[in-house]
Amino acid sequence: MLIDVVKARINQGKPIKLQFTQKIDDSLICDYNARFLSEIEFCGEYYLDQFQDIKVQAKMFAKIEFLCALCGKPVIKDFIIDVDETFTQIANKENYTFSKNNIELNQLITDNIVLNMPTVVKCSENCLGRCPICGIDKNTTKCNCELLNSQNKEEDINPFSILKTLNK
Ligand SMILES: [Zn+2]
Ligand SMILES: [Zn+2]
């Protein structure tokens with residue numbers, strides 16, 4: 001989506017509505033074990049501020065499917081991001097720059113998504129995760145792995161366990 005800088009100048013600070021949907025490739029968020037279930041809905045406005053910079057203020061919305069970090073179950077989240085960015089003509093560290101009469105918003109959109117991605121998503125606060133030994137989903141099934149494992153460990157440290165092996 002393009003922002004029309006000329007129109008913003010003509011409007012002299014009056015905001016111009018910005019509303020569109022855009023498909024974003026899943027490769028952007030695949031490192032987070034996530035994928036888009038919807039297009040991005042972008043809803044906001046842009047205007048020329050007193051420094052002749054272009055301000056973009058909007059909300060972005062998308063449905064994203066994550067995988068629970070503990071059990072791997074899909075978790076669907078409504079992802080809402082507040083966008084508040086400035087495009088300046090002179091480059092600086094905090095802002096985006098523009099030099100033409102149009103501003104392409106792709107970079108702003110993908111940056112804002114990545115910056116807001118949660119690092120850990122759980123299906124619930126009480127998720128029991130998967131058994132590290134047999135891999136079973138402990139939220140739905142019980143296994144005896146940990147019990148068996150702790151019994152084995154007890155035998156290992158029991159000084160009399162050596163006698164058992166000698167008697168054989
Ligand atoms: Zn889970
Ligand atoms: Zn198990």
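**Strand pairing, core and domain layout in a predicted model**

Leu67 stands opposite Pro74 of strand S6. The model examined here is predicted. S5 covers residues 54–67 and S6 covers residues 74–88. The two strands pair in the antiparallel sense, with 14 bridges between them. Six residues lie between the strands in this hairpin. Among them is Gly72, whose phi is positive, near 85°.

S6 also pairs with strand S7, residues 96–97. Here the strands run parallel, and two bridges join them. Phe87 has Tyr96 of S7 as its bridge partner.

The protein chain as a whole contains four helices and eight strands. In sequence order the elements follow the pattern β-α-β-β-β-β-β-β-β-α-α-α. The radius of gyration is 27 Å, well over the 15 Å that the globule rule gives for 168 residues, so the protein chain is more spread out than a compact globule. Its C-alpha trace spans about 95 × 30 × 25 Å along the principal axes. Buried residues account for 14% of the 168 residues. Contacts were also examined by sequence separation. Of those between residues at least 6 apart in sequence, 55% join residues at least 24 apart.

The domain assignment divides the protein chain into domain 1 (2–115) and domain 2 (128–168). Taken over C-alpha atoms, the domain centres are separated by 51 Å.

The largest nonpolar core comprises 22 residues. Ile54, Met60, Ile64 and Ile109 have the most contacts inside this core. Two or more residues come from each of helix H1 (5–11), strand S4 (40–48), S5, S6 and helix H2 (106–115). S5 gives the largest share, seven residues. In soluble globular proteins, nonpolar side chains tend to be buried together.

Ile109 illustrates the contacts of a core residue. Leaving aside residues up to four places away in sequence, Ile109 touches Gln22, Ile40, Phe42 and Met60. Of these partners, Met60 is also listed with Ile109 among the residues with the most contacts inside the core.

Val114 also lies in helix H2. This residue has 12 C-beta neighbours inside 10 Å and therefore counts as exposed; the cut-off for exposed is 12 or fewer. Val114 and Tyr32 are 82 residues apart in sequence. In space, their C-alpha atoms are 9.4 Å apart.

Asn139 is placed in the loop between H2 and helix H3 (145–157). Asn139 counts as partly exposed because it has 16 C-beta neighbours inside 10 Å. That count falls between the cut-off for exposed, 12 or fewer, and the cut-off for buried, 20 or more. Beyond residues up to four places away in sequence, Asn139 touches Cys71, Cys127 and Leu128. Asn139 and Ala8 are 131 residues apart in sequence, and their C-alpha atoms lie 54 Å apart in space.

Terms used
Residues are numbered from 1 along each chain as its sequence is written. Chains are lettered from A and ligands numbered from 1 in the order in which they are written. This is a predicted model: local features need pLDDT of at least 70, side-chain atom pairs count only at pLDDT 80 or more; totals for chains, interfaces and linings use all residues. Domain bounds come from an automatic or database domain assignment. The radius of gyration is taken over C-alpha atoms; the globule rule is 2.2 Å times the number of residues to the power 0.38. Two residues are in contact if their C-beta atoms, placed from the backbone, lie within 7 Å. A nonpolar core is a set of buried Ala, Val, Leu, Ile, Met, Phe, Trp, Tyr and Cys residues joined through C-beta atoms within 7 Å. Two strands pair if DSSP finds at least two bridges between them.
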